[in-house]
Amino acid sequence: MKTHSTLFLAWQDPNSRSWFPIGKLTFDETNYQFTYTQGVLEAQQKCGFEPLPSFPRLGEVYTSTYLFSVFANRLMPKNRPDYSSFIHWLNLTQNESDPVAMLARSGGRRETDTLTVFLIPEPDSEGRYRLHFFLHGLRYLPQCAIERINCLEPGEKLWLAHEFQNHYDSKALTLNTEDHHIVGYCPRYLNSEIFEVLLRNPSLVEVRVEQVNLPPTPLQFRLLCNITAQDSNEFCPFSSYEYQPLSSSWV
């Protein structure tokens, strides 16, 4: 039986800095499929999003036996001398380092890019959803915060806090240590989903340090965390209208 891996593609408007889920990629161990989601229409209407060159028609389902270039170009080539270090930063084993796993863990992030990818989590036997992500915004933190990050231990608990007065994102969530150091931001494209659970019961969301990658690791890969969310059967992350396929022929 084939297993399916699913990633969402999110786009950030460089002016408003708002994030929109614009596409969905699946892999069934044989074929890759990509389609735009309903969120791309909002990105077009509000921020003038233009279709990606690799996927010029919004209503089409694209299929390939090879990973599409817009995703493949976000993977570090295996012949790079720092490839093994990169796999270590992601806290993956060589056996786990398939393209989808690498994209899901790294986010396919580039320093000056407007695209990122993230995995659709599946619930475990106890109904818990878990996601890994690198904390954002470290370059804006004071040096004392970076020094605190470098001292974090795997498994250490972090606390979410809402920045009500953030001018760029009214749902901005910071991650904080027990001794009250801000050590980064939750990725914006996750905020709405996390808020949904937090508003019902904050005790059902937990964030812990997965791994700290010490200097000279770039700041964007410095602090890897995992978040666990548990809720009632009504909670299904990334299932709202903006995440639904735009094409009626999507399977």
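Visitor: What share of the contacts with a separation of 6 or more comes from residues 24 or more positions apart?
Guide: In this predicted model, such pairs account for 59% of those contacts in the chain. A contact means heavy atoms within 4.5 Å.

Visitor: What ground rules apply to the numbers?
Guide: Residues are numbered from 1 along each chain as its sequence is written, and side-chain values use heavy atoms, with hydrogens and water left out. As the model is predicted, local features need pLDDT of at least 70 and side-chain atom pairs count only at pLDDT 80 or more, while totals for chains, interfaces and linings use all residues.

Visitor: How many helices and strands are there?
Guide: The chain has six helices and 11 strands. These are DSSP runs numbered from the N terminus, with helices being H or I of at least four residues and strands E of at least two.

Visitor: And how compact is the chain?
Guide: Its radius of gyration is 18 Å, close to the 18 Å that the globule rule gives for 251 residues, so the chain is as compact as a globular protein of that length. The radius is taken over C-alpha atoms, and the rule is 2.2 Å times the number of residues to the power 0.38. Along the principal axes, the C-alpha trace spans about 50 × 45 × 40 Å.

Visitor: What percentage of the residues is buried?
Guide: Buried residues make up 49% of the 251. Buried means under 20% relative accessible area, exposed over 50%, and partly exposed in between, with a 1.4 Å probe and protein chains only.

Visitor: Turning to pockets, what is the volume of the largest one?
Guide: The largest pocket has a volume of about 810 Å³. On a 1 Å grid over the protein atoms alone, a pocket is an open set of points with protein on both sides within 12 Å along at least five of seven lines, whereas a cavity is a set where a 1.4 Å probe fits but cannot get out; lining residues have an atom within 4 Å of a point. Grid points are joined across faces, edges and corners, and a volume is the space filled by probe spheres set on the points.

Visitor: Which residues lie nearest its centre?
Guide: Of the 29 residues lining the largest pocket, Arg17, His136, Gly137, Arg139 and Tyr140 lie nearest its centre. By class, the lining has 12 nonpolar, nine polar and eight charged residues. Here Ala, Val, Leu, Ile, Met, Phe, Trp, Tyr, Cys and Pro count as nonpolar, Asp, Glu, Lys and Arg as charged, and the others, Gly among them, as polar.

Visitor: What about the second largest pocket?
Guide: The second largest pocket holds about 370 Å³ of space. It is lined by 18 residues, and Ser18, Trp19, Asp169, Arg188 and Ser192 are the closest to its centre. Helix α6 gives the most to this lining, with four residues. The classes are seven nonpolar, four polar and seven charged.

Visitor: How many cavities of 30 Å³ or more does a search find?
Guide: A search of the whole structure finds two. The second largest cavity contains about 100 Å³ of space. Its lining has 16 residues, with Ala104, Val117, His132, Phe133 and Tyr189 nearest the centre. Strand β6 supplies the largest share, four residues, and by class the lining has 10 nonpolar, four polar and two charged residues.

Visitor: Is Phe133 buried or exposed?
Guide: Phe133 counts as buried, at 4% relative accessibility. This residue is found in strand β6. Leaving aside neighbours within four places in sequence, Phe133 is in contact with Cys186, Pro187, Leu190, Leu223, Leu224, Cys225 and Ile227.

Visitor: Now the backbone. Where is the cis peptide bond?
Guide: It joins Pro215 and Pro216, with omega of about 15°. Pro216 lies in the loop between β10 and β11. Most peptide bonds are trans, and most residues other than glycine have a negative phi.

Visitor: Which residues other than glycine have a positive phi?
Guide: Among them are Glu29, with a phi of about 80°, and Phe238, with about 60°. Glu29 lies in the loop between β2 and β3 and is exposed, with a relative accessible area of 51%. Phe238 is found in the segment after β11 and counts as buried, at 6% relative accessibility.
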